[in-house]
Amino acid sequence: MKTEAQIRQREQRELQRLDREAQKPKTGRYLLFVMIILTVIYVEDEITSNMNAAMQPYVLFDLFGISSRSVSSPAYTAAINTVAPWQVASNLFLIISPFYKALSDKYGRRVFLMINTVGMGVGMLIVMTSQSVMQYILGMLFMLFFTPNDMQVLYIMETAPKEKRATYSFVAKGIALISVSLIGVLSKTFLRQDLPSSWRMVYLIPVAVAIAVGAGSFFLVRETPVFVEQRRAFLSLTPEQRRARAAEDLKSGAADEGGVWKALKFIFRTPQLRWILIAGFLFFATTFYTSYYATVLEGAMSTDMVASALIIYPIFNGVVTIASGFFSDRLGRKKVCVLLGSLALVGLALFVAACRLGWGPVAAGVAYGCSIGGLWSMSDTIILTMPAESSPSGMRSSVMGTISVMIGAGMFIGQILFIVLQNFLSMDLLFLFICVPFMALSLLVLLTKVRETKDVDLDSITADTYR
């Protein structure tokens with residue numbers, strides 16, 4: 001066990017390293033460079049997040065030996081009943097996620113940016129090489145562990161100018177979402193109806209890029225300025241000052257060094273974060289439909305037409321996302337959530353109509369893209385932007401990691417309702433039946449109980465800012 005003198009010596013070395021980091025010039029050229037790297041990582045994150053849902057029918061046809069290749073067959077329904085509960089169970093697996101993410105409040109953002117990106121690549125690799133249903137489920141769980149952490153989002157928010165945080169974040173995400181069209185391009189290139197295992201090749205390029213860019217990011221980007229300043233300030237305190245600060249933190253619920261239990265206490269002691277949690281929990285009950293859209297498409301059109309829809313929808317998803325960033329910095333987080341939530345529901349209704357009435361892949365792709373553009377942009381606002389803008393620097397990553405898992409648990413409600421009712425009712429109509437009431441409740445809580453966070457100074461947030 002290390003002595004107090006050894007700990008202080010180690011901290012002094014860390015402080016010297018951070019002092020050197022703080023003295024490096026913050027040029028516009030570096031900001032542009034790091035935003036390019038983070039955008040590439042964002043592309044990988046979004047492709048990883050969408051890949052399993054896009055490939056789901058073809059993976060299930062192959063691994064379950066469904067020769068009819070019909071999503072309406074009893075064999076496919078049975079396959080969904082096998083895989084879907086594991087997607088629900090993955091929310092329990094993510095309980096450890098905030099403990100993992102909280103480590104970046106102590107050890108820095110950079111190393112976890114690398115681990116997260118490489119981890120997504122490894123998860124896709126496990127799925128790509130799966131020879132059994134259990135291996136596929138293992139890879140899926142691996143991917144579901146790393147994709148919600150969104151370390152690149154925290155990196156952007158702590159690197160971008162404060163008046164442009166949402167704009168930078170949503171522009172990067174918009175580009176990443178448009179890049180999801182590559183799944184459709186890869187599908188058109190590699191998918192063959194006469195070769196059940198051809199879906200594996202769709203994963204190959206995303207796997208290679210994720211592992212290469214993730215490993216390289218550790219050497220290409222610096223620590224975020226906000227983390228460097230927060231960590232330097234903490235390490236500069238004497239033991240007596242730390243004890244005095246700890247006593248104050250015990251009363252307020254905040255801390256200079258985060259952690260899951262400290263974050264939990266802070267979330268429930270702070271009305272702002274508590275109501276964000278409730279609004280987000282209700283909202284996440286609506287997100288389940290993003291896991292099953294490819295099944296609805298496959299039941300309404302040919303495989304080649306589905307691939308066309310997979311190319312079209314990310315473009316409109318990205319356009320909506322980029323626009324939402326500009327609107328968020330101008331209108332505020334709450335007003336933009338009303339716009340985004342309304343767009344999500346209208347787009348979903350049009351997507352269902354396009355599939356039922358045979359409007360074709362273009363109409364279905366445009367409607368679905370607008371729907372999930374609104375849905376996930378609102379998600380980022382509730383689960384990432386507003387918690388980050390409501391938390392002190394030393395607690396920010398821990399709060400974001402903890403609250404994202406707690407909010408994500410709301411997905412249980414929608415998923416369980418869907419898994420049970422899809423055995424009796426049409427899958428596409430269930431989307432609307434479940435989503436409309438939960439979205440309405442979420443927006444009501446957000447508008448009446450949560451305070452606006454636009455233009456807040458991240459460096460000056462304290463435990464009393466939102467009391």
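The model is predicted. The chain contains 22 helices and zero strands. Of its 467 residues, 58% are buried. Contacts between residues at least 6 apart in sequence were examined across the chain; 82% of these join residues at least 24 apart. The accessible surface of the chain comes to about 18,400 Å². Carbon and sulfur atoms account for 68% of that area.

A nonpolar patch lies on the surface. Its members are Leu32, Ile36, Val40, Met201, Leu204, Ile205 and Val209. Together they present about 570 Å² of accessible area. Two elements, α2 (28-63) and α11 (201-220), each give two or more residues to the patch. The greatest share comes from α11, which supplies four residues. Leu204 is a patch member and sits in helix α11. Its relative accessible area is 40%, so Leu204 counts as partly exposed.

Ile372 is classed as buried because its relative accessibility is 1%, and the cut-off for buried is under 20%. Beyond its neighbours within four places in sequence, Ile372 is in contact with Tyr289, Thr290, Tyr313, Asn317 and Ser377. Val320 lies 52 residues from Ile372 in sequence. In space, the C-alpha atoms of Ile372 and Val320 are 8.9 Å apart.

Notes. Residues are numbered from 1 along each chain as its sequence is written. This is a predicted model: local features need pLDDT of at least 70, side-chain atom pairs count only at pLDDT 80 or more; totals for chains, interfaces and linings use all residues. Side-chain values use heavy atoms; hydrogens and water are left out. Buried means under 20% relative accessible area, exposed over 50%, partly exposed in between (1.4 Å probe, protein chains only). Contact means heavy atoms within 4.5 Å. Patches are made of residues with over 30% relative accessible area and no salt bridge: like charges are joined within 9 Å, nonpolar side chains (Val, Leu, Ile, Met, Phe, Trp, Tyr) within 5 Å. Accessible areas come from the Shrake-Rupley method with a 1.4 Å probe; for residues, only the protein chains shown count as cover. A salt bridge is a side-chain nitrogen of Lys or Arg within 4 Å of a carboxyl oxygen of Asp or Glu.
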